[in-house]
Amino acid sequence: MKNLLPELIHLPKIEDPRGNLTFIEAEMHIPFEIKRVYWIYDVPGGQARGGHAFREQEELIVALSGSFDVEVKHGLGSQRIHLNRSYYGLYIPNGLWRHFDNFSTNSTALVLSSTYYDEHDYIRDFDDYLLYKKTMQK
Ligand code: TYD
């Protein structure tokens, strides 16, 4: 069974005096097949992104450069995770509310997604999300 909580995954890190290298293989280091990759960058100070939940999408979030926080709301409460190393990926299962904030200057948030972009997969209103969770528990 797949996790219902976010999980910080330590990715392979090949250290080298010429510069370090990290890689991700679908279904090897992360528990899903990658269908889509996107990234968020040039975020002005104080801005937040990604305040919503997904019905189906599972994702892995990596701070490729700089740092930012991911806040995730789940069945056991909420969790704020500071990402600032490009060899850590935050796995977020489907059905959890999440948003990103506290972006440092020149940060880049890489998101690997288990689905193609589909607006119908989004739950964008928090009250709708709470209702959705209640319905799922029945
Ligand atoms: P969205 O995921 O809603 O980001 P945020 O919650 O931070 O606002 O994406 C913003 C816009 O970009 C939205 O209009 C949909 C579009 N978009 C795509 O077309 N393809 C994608 O893969 C993603 C992630 C977003």
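Glutamate 33 is partly exposed, at a relative accessible area of 45%; buried denotes under 20% relative accessible area, exposed over 50%, and partly exposed the range in between, with a 1.4 Å probe and protein chains only. The residue belongs to the loop between β3 (21-22) and β4, where strands are DSSP runs of E with at least two residues and helices runs of H or I with at least four, numbered from the N terminus. Beyond its neighbours within four places in sequence, glutamate 33 touches Ala26, Glu27, Ser113 and Ser114, a contact being heavy atoms within 4.5 Å. Glutamate 33 and methionine 136 are separated by 103 residues in sequence and by 24 Å in space, C-alpha to C-alpha.

This is a predicted model, in which local features need pLDDT of at least 70 and side-chain atom pairs count only at pLDDT 80 or more, while totals for chains, interfaces and linings use all residues. Residues are numbered from 1 along each chain as its sequence is written, and side-chain values use heavy atoms, with hydrogens and water left out.

The chain contains 1 helix and 12 strands. Its radius of gyration, taken over C-alpha atoms, is 15 Å, close to the 14 Å that the globule rule gives for 138 residues, so the chain is as compact as a globular protein of that length; the rule is 2.2 Å times the number of residues to the power 0.38. Of the 138 residues, 41% count as buried. Among contacts in the chain with a separation of 6 or more, 75% come from residues 24 or more positions apart.

Strand β4 (residues 36-40) includes arginine 36. Arginine 36 is buried yet has no salt bridge, and the nearest side chain of opposite charge, aspartate 121, lies 6.4 Å away. A salt bridge requires a side-chain nitrogen of Lys or Arg within 4 Å of a carboxyl oxygen of Asp or Glu. Apart from neighbours within four places in sequence, the contacts of arginine 36 include Gln57, Val111 and Tyr117.

By the salt-bridge rule, the count comes to 8. One of these joins arginine 98 to glutamate 59, with the closest N and O atoms 2.8 Å apart. This pair links distant parts of the chain, since arginine 98 is in strand β10 and glutamate 59 in strand β6 (residues 59-65), 39 residues apart. Arginine 98 is buried, with a relative accessible area of 1%, and glutamate 59 is likewise buried, at 2%.

Glutamate 71, buried at a relative accessible area of 15%, forms a salt bridge with lysine 73 (3.2 Å, N to O). Glutamate 71 also forms a salt bridge with arginine 80, the closest N and O atoms being 2.8 Å apart. Lysine 73 is partly exposed at 28%, as is arginine 80 at 42%. These residues belong to a network of salt bridges that links Asp69, Glu71, Lys73, Arg80 and Asp101.

Two loop residues other than glycine have a positive phi. Aspartate 42, in the loop between β4 and β5 (49-54), has a phi near 55 degrees and counts as exposed at 68% relative accessibility. Asparagine 102, in the loop between β10 (97-101) and β11 (108-113), has a phi near 60 degrees and counts as partly exposed at 48%.

Note on methods. Lys, Arg positive; Asp, Glu negative; His and termini not counted.
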